[in-house]
Amino acid sequence: MGVVMLGEDAEVLGAGALDWLLRNANTADNGIWWPRVPGGDDEDASIYHGTAGVVLALLEGWAHFEDDRYAQAALRAACWLSSRLDDYAHDSLYLGVAGMAVALRAVGDLLDDEPSRNAVPRALTLLRRRFDGVGWNKFVELMLGNAGIGLAALHLNDLELAVSAMEPFPTTGVPTSGGTAWYLTTDGSSAELLHHVSHGTLGMAQALAAVGHAAARPDLMDAARAGIGDVMARNHGGDEEFLVRHSDPQRINDRINPYSYGWCHGPAGDIHVFRLMSHLTGEPEWRSAVDRCWTTLIRSGVPRRLEPGFWDNNGRCCGTAGVLAVACDRIIEQGDGRDFADVLVADLLHRAVTDETGTRWVNREHRDDPPELEPHTGWAHGNAGIIRELLRYSRIACGGESGYVASLPDHPVAVAARAGESST
């Protein structure tokens with residue numbers, strides 16, 4: 001199948017996935033919202049599972065197809081998100097108010113919607129009020145705690161709040177032989193050191209680097225380097241690859257494999273930390289680390305289902321769409337990711353379920369009976385996250401724009417290498 005034809009097929013699939021989302025919206029007096037699975041009553045406003053993540057996909061669809069249905073749905077969803085801010089219990093980037101504010105800012109800017117734009121300072125005021133000087137809850141990592149809120153605040157141009165979120169880190173880390181690590185929580189309830197971006201040291205290091213660079217704070221940058229140093233010292237991939245255990249000691253032994261490859265706990269997420277450091281510093285060792293993550297991914301066997309549990313997820317967090325994001329970055333930055341991107345897209349095409357209601361994907365949990373899970377709506381495991389990656393790939397394959405219309409705070413924008421540069 002030719003690249004342009006595959007890009008066109010990805011576009012068709014994205015349109016069908018958007019239609020499925022529109023058909024499965026829940027209506028409220030103040031707008032529309034999405035549960036995690038169709039028919040559910042969980043009023044989830046988050047990026048990770050809920051309505052804020054769907055809003056980002058709708059904006060992508062509106063810009064890509066120039067279809068006002070998606071803009072109108074995004075506006076109605078933003079109205080609902082805004083109404084939930086003040087009493088929403090969670091504060092974080094992926095599960096709370098910080099992420100809701102990211103989605104509202106995107107609607108306000110892209111659709112020139114004043115109510116959405118005005119909701120962002122209200123969200124930031126709420127986050128400031130809930131900050132206790134150390135954090136917002138017992139979590140300090142990217143998905144649930146300080147690191148993600150710091151990145152969101154930086155994304156929303158509130159550098160003061162971003163710095164406040166990150167200032168506790170230089171003094172709360174655990175010294176290790178490779179540098180510094182951080183536990184998942186601040187209350188002593190976590191006995192394991194997690195290493196990757198979603199809940200571990202690399203996610204905290206990414207936020208420290210981004211905020212430290214923006215604020216000209218060497219102490220935060222030094223803490224970022226120490227965190228990255230700890231994780232790099234744990235590499236089991238040799239000189240050519242980058243593969244680090246999920247955690248030490250292994251967390252939840254009966255449910256989690258020691259090594260993962262997705263965004264959350266593997267090289268598909270680790271690579272963004274090294275990409276960021278390369279962008280910020282220009283130091284060649286970071287481009288080498290990027291290459292090692294890339295080599296690991298293309299040798300891993302992804303997206304084939306090599307064994308029960310090896311690769312059972314199509315989504316952005318733990319599955320194929322998250323690796324596709326890396327491959328599309330690689331096309332832009334190094335020019336050698338297209339073949340792998342094609343393989344990933346072809347797999348998403350093969351695994352899509354399409355009928356008169358639209359398109360969606362069924363993930364698997366091999367330890368459940370039956371193993372097939374219900375299709376999800378949101379960014380992490382469902383349509384919203386897959387849509388964004390398919391439409392971006394389609395544009396790249398057909399010679400269009402290479403970025404997202406609405407970016408996420410923890411995904412560095414792809415920057416093409418300057419003439420004469422290489423990644424080695």
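Let's start at T377, which sits in the loop between strand 8 (358-361) and helix 15 (383-397); helices (H or I, at least four residues) and strands (E, at least two) are DSSP runs, numbered from the N terminus. The model you see is predicted, so local features need pLDDT of at least 70 and side-chain atom pairs count only at pLDDT 80 or more, while totals for chains, interfaces and linings use all residues. Residues are numbered from 1 along each chain as its sequence is written, and side-chain values use heavy atoms, leaving out hydrogens and water.

Is T377 buried or exposed? With a relative accessible area of 0%, T377 is buried; buried means under 20% relative accessible area and exposed over 50%, with partly exposed in between (1.4 Å probe, protein chains only). A polar atom of the T377 side chain lies 2.6 Å from the backbone oxygen of P35. Not counting residues up to four places away in sequence, T377 touches residues including W20, W34, P35, H49 and N383, where contact means heavy atoms within 4.5 Å.

Now find helix 5 (residues 114-130), which has 17 residues. Its buried residues are S116, A119, V120, A123, L124, L126 and L127. Seen down the axis of helix 5, these buried residues fall within an arc of 160°, so they line one face; the arc is that of the directions from the helix axis to the C-beta atoms. An α-helix has 3.6 residues a turn, so residues three or four places apart point the same way. The face of helix 5 turned away from the buried side carries the exposed residues P115 and R129. Helix 3 (68-84) and helix 4 (97-110) are among the elements covering the buried residues of helix 5.

Notes: Expected span 1.5 Å × (residues − 1). Polar contact = N/O pair within 3.5 Å; in protein donor to acceptor, adjacent residues only side chain to side chain.
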